[in-house]
Amino acid sequence: MDLARTLLVMIWITASLFFQNSSNVEGRYHYHKKQNKSSPAPPHESQDPSSPANPPSAPSDPYPNDPGSSSTNSVFDVTSFGAVGDGCTDDTAAFTAAWKAACAVESGVVLAPADYCFIITSTIFSGPCKPGLVFQVDGVLMPPDGPDSWPKADSRKQWLVFYRLDHMSFTGKGTIEGNGQKWWELPCKPHRGPNGSTMSGPCDSPALIRFFMSSNLVVSSLKIQNSPQFHMKFDGCEGVLIEKLSISSPKLSPNTDGIHIENTKTVGIYNSMIANGDDCISIGPGCSDVDIEGVTCGPSHGISIGSLGVHNSQACVSNITVRNAVIKESDNGLRIKTWQGGMGSVTGISFENIQMENVMNCIIIDQYYCMAKACLNQTSAVHVYDISFRNIKGTYDVRKPPIHFACSDTIPCTNITLSEVELYPQEGELLDDPFCWNAYGNQETLTIPPINCLQDGEPQTVAALSAFGC
């Protein structure tokens with residue numbers, strides 16, 4: 001009996017040790033790093049009911065932690081690096097030092113705090129950096145005031161440059177002030193002034209913010225104003241999310257495009273207000289998969305694709321969607337502009353649910369774009385095809401026809417679709433002569449004003465157009 005009891009005890013001890021070891025092995029293989037509970041939802045899972053229904057897939061959350069809840073050892077306040085923020089002192093060295101420190105850690109935050117006004121000179125903030133980097137402006141950040149204050153050794157083509165970065169965010173509750181007034185007055189490039197007069201314009205004026213050769217970017221919530229030239233440029237980037245921006249400069253400020261992109265793919269621009277002296281949004285060559293929604297544009301020159309094909313170059317633009325937008329008090333509405341002599345294509349363009357308010361050239365394709373009076377006629381052209389305008393309604397300025405399709409003599413525009421286009425004069429009589437030249441497509445519904453110049457079907461030369469594609 002004692003022997004049997006001893007055997008049972010030994011079996012029980014052996015079994016206990018076996019199960020304890022098994023449990024420890026399972027625990028090791030199922031270990032997960034603890035998640036930060038304050039992490040915001042990535043943009044494609046936004047919980048904001050005003051967010052777009054189908055944002056582009058590539059832009060993702062650039063930082064795993066909300067900057068407001070980041071641990072203090074990853075927040076690099078520029079005032080801790082010597083920034084004064086009095087609106088007079090050059091704080092460039094403090095910003096570059098804070099950037100270097102934040103770049104070296106994961107989810108680092110460069111913080112320009114509220115209640116300060118920082119001046120920095122032309123600076124390139126370059127990577128690569130650890131992922132999740134945030135440049136957070138809660139105060140005011142601005143360049144020197146005008147060309148006379150600009151350091152002679154600095155580039156006059158750009159002010160803030162973000163270069164070779166991945167998973168980076170530029171955000172905050174503050175203001176980027178461009179101090180553009182003195183640049184606009186330089187006597188280099190004439191531009192339209194009040195009452196048809198001619199005024200001076202920019203020479204080598206700097207773009208305010210430039211992102212170059214970077215990916216997975218988020219730019220949000222900032223107020224950006226009075227740029228000497230373009231407010232924001234993206235070149236050679238992929239995966240860009242832009243949302244909840246306020247961009248503004250005076251109506252007659254020259255070349256102050258709001259957002260310009262070129263050679264950039266997979267872009268979302270959402271829920272922003274842009275008023276300036278040039279295009280609200282301009283899309284240059286090499287762009288594809290761009291989604292624009294919830295933008296209020298104007299006064300401005302509208303939303304433009306182009307100009308494309310300058311100096312006989314090839315330009316390829318595809319899969320652009322603009323929807324649920326308002327364009328008001330603008331020289332143009334929805335515009336595609338190309339130079340004669342170019343090559344390539346503009347295709348897969350959709351404009352949908354756009355409200356116009358006193359806009360000249362509400363819908364315009366211009367393949368004779370020229371910035372001089374002596375542009376020569378050329379046979380080569382960028383092929384414009386598969387362009388749709390749906391539910392475009394509102395009022396137009398009667399000084400120009402509301403619909404204008406001026407396509408190349410040799411490379412016609414093809415597959416233009418019009419549906420529920422209803423445009424009425426802001427004041428005066430209905431101007432019922434939309435212009436078409438070598439434009440082919442169809443009207444799914446009758447347009448207002450009537451457009452009888454759009455040719456049905458396709459031209460006989462359409463089979464040869466593939467040589468001009470991308």
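**A helix, a core and a strand**

Let's begin with Phe135: leaving aside neighbours within four places in sequence, Phe135 is in contact (heavy atoms within 4.5 Å) with Phe95, Trp99, Val110, Phe125, Leu141, Phe162, Met168, Ser169, Phe170 and Thr171. This is a predicted model, where local features need pLDDT of at least 70, side-chain atom pairs count only at pLDDT 80 or more, and totals for chains, interfaces and linings use all residues. Residues are numbered from 1 along each chain as its sequence is written, and side-chain values use heavy atoms, leaving out hydrogens and water.

How confident is the predictor? The pLDDT, its confidence in each residue from 0 to 100, averages 85 for the protein, and 79% of the residues score at least 70. Over residues 1-53, though, pLDDT is below 50.

Phe135 is also among the residues with the most contacts inside the largest nonpolar core, which has 94 residues. Such a core is a set of buried Ala, Val, Leu, Ile, Met, Phe, Trp, Tyr and Cys residues joined through side-chain atoms within 4.5 Å.

Now helix H2, residues 92-103; helices (H or I, at least four residues) and strands (E, at least two) are DSSP runs, numbered from the N terminus. Which H2 residues are buried? Thr92, Ala94, Phe95, Ala98, Trp99, Ala102 and Cys103 are, buried meaning under 20% relative accessible area, exposed over 50%, partly exposed in between (1.4 Å probe, protein chains only). On the other side, Ala93 and Lys100 are exposed.

Last stop, strand E20: 5 of its 6 residues are buried, so E20 is largely enclosed by the rest of the structure.

Notes:
The expected span of a helix is 1.5 Å times one less than its number of residues. pLDDT is the predictor's confidence in each residue, from 0 to 100.
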